[in-house]
Each structure stands twice: as structure tokens, then as C-alpha cells.
Amino acid sequence: MANEAHLLRAYCIEPSSAMCEEAAKIEFSRNQPSQEELETQLRHGGFFITSHQRSHTFTLAKKDWYTMLRHRFMSDLGVFSDQEIEEGIAEIEQKHPGETIGILDNLIFITATKQL
């Protein structure tokens, strides 16, 4: 292991409908490289690649989630105006009634190893 370099890259495949409105999902997808693209670039750099997909659901109070959206906690939300954020929150509110929201996070973990 002392003569190996390791890289772990974890990223979200696609945000769930509870996570953000449809417009934000499109913006997210536009900015997210594909798993194949990342793996190809790493292989071209001489890395051995393993990949694993995992899903995790977490629950938040909607008021906290909406505060996070309003503060644009994901950089992809930076392109949206305050009005567009509020419209997205209204869209989420219609689809997911109640005081809390369950968010499914679909992640890919890419581990790259290279002999030095």
C-alpha cells in the first residue's frame, strides 16, 4: 500500500424529486459528468477502477430543507432566482405533504488505485 495512490470519488447520480424541483434536476444533470466519463479518464491516467452504487434515505424537517434550498446549498442552485427557488419549494410542497421530507440520495463511489 505504501507504493500505491488511492482516490475515492463519491457523487450523486441524480437528485430525487423530494430533493429539488424539476428545473434544478435538469441543471444538476447538465453539470454532472457521467460515471463512464470519470472512469475512462481515470483509466487513461493508469488507475485501476472499482465502482459501487449505494442509496441512502435521510429525513429532514421541511422548514430546514427549505432553508437549505433558499441558501443554495448545492452550487447548481446558484443559477436560480429567489422567485424560482420559491416556485420549486411550492412544487416540492405539492408532491410531498407533511412536516418532514424523506430524501433518497443515490450515490456512486469510484475508487481508483495506481501503483507508484
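**Briefing: a buried tryptophan, aromatic pairs and salt bridges**

Trp65 is buried, its relative accessible area being 1%. The model is a predicted one, with a mean pLDDT of 83 for the chain. Of the 116 residues of the chain, 32% count as buried. Glu39, at a relative accessible area of 11%, is also buried, and Glu39 forms a salt bridge with Arg43.

**Confidence**

- A pLDDT of 70 or more is reached by 81% of the residues of the chain.
- Helix 3 (residues 62-70) has the highest confidence in the chain, at 93.
- Confidence is lowest in helix 1 (residues 22-31), where the mean is 68.

**Fold and surface**

- There are 4 helices and 3 strands in the chain.
- Read from the N terminus, the order of elements is β-α-α-β-α-α-β.
- Taking contacts between residues at least 6 apart in sequence, 80% join residues at least 24 apart.
- About 7200 Å² of the chain is accessible surface, and carbon and sulfur atoms account for 54% of this surface.

**Aromatic residues**

- The whole structure contains 2 aromatic pairs.
- One of them joins Phe58 and Trp65 in an edge-to-face arrangement, with 6.4 Å from centre to centre and 65 degrees between the planes.
- The angle of 65 degrees between the planes of Phe58 and Trp65 is over 60, and therefore the pair counts as edge-to-face.
- Phe58, Trp65 and Phe73 are linked by ring pairs into a cluster.

**Glu39 and its surroundings**

- Glu39 sits in helix 2 (residues 35-44).
- Which residues does Glu39 contact, leaving aside its neighbours within four places in sequence? They are Ile49, Ser51 and Ile110.
- In the salt bridge of Glu39 with Arg43, the closest N and O atoms are 3.8 Å apart.
- The two residues are 4 apart in helix 2, so about one helical turn separates Glu39 from Arg43.
- Glu39 is buried at 11%, but Arg43 is partly exposed at 46% relative accessibility.
- Glu39 counts as buried because its relative accessible area of 11% is under 20%.

**Other salt bridges**

- The count of salt bridges comes to 6, among them the Glu39 and Arg43 pair.
- Lys63 and Asp64 form a salt bridge through their side chains, at 3.3 Å from N to O.
- Lys63 is exposed, with a relative accessible area of 61%, and Asp64 is partly exposed at 35% relative accessibility.
- A salt bridge also joins Asp82 and Arg72, with the closest N and O atoms 2.9 Å apart.
- Asp82 belongs to helix 4 (residues 82-95) and Arg72 to the loop between helix 3 and helix 4, so their pair ties together parts that are 10 residues apart in sequence.
- Asp82 counts as exposed, at 56% relative accessibility, while Arg72 is partly exposed, with a relative accessible area of 21%.

Notes:
Residues numbered from 1 in each chain as written. Heavy atoms only, no water. pLDDT = per-residue confidence, 0-100. Buried < 20%, exposed > 50% of the residue type's maximum accessible area, 1.4 Å probe, protein only. Contact = heavy atoms within 4.5 Å. Areas by Shrake-Rupley, 256 points an atom, 1.4 Å probe, with all protein chains shown as cover. Phe/Tyr/Trp six-rings, centres within 6.5 Å; stacked < 30°, edge-to-face > 60°. Salt bridge = Lys/Arg side-chain N within 4 Å of Asp/Glu carboxyl O.
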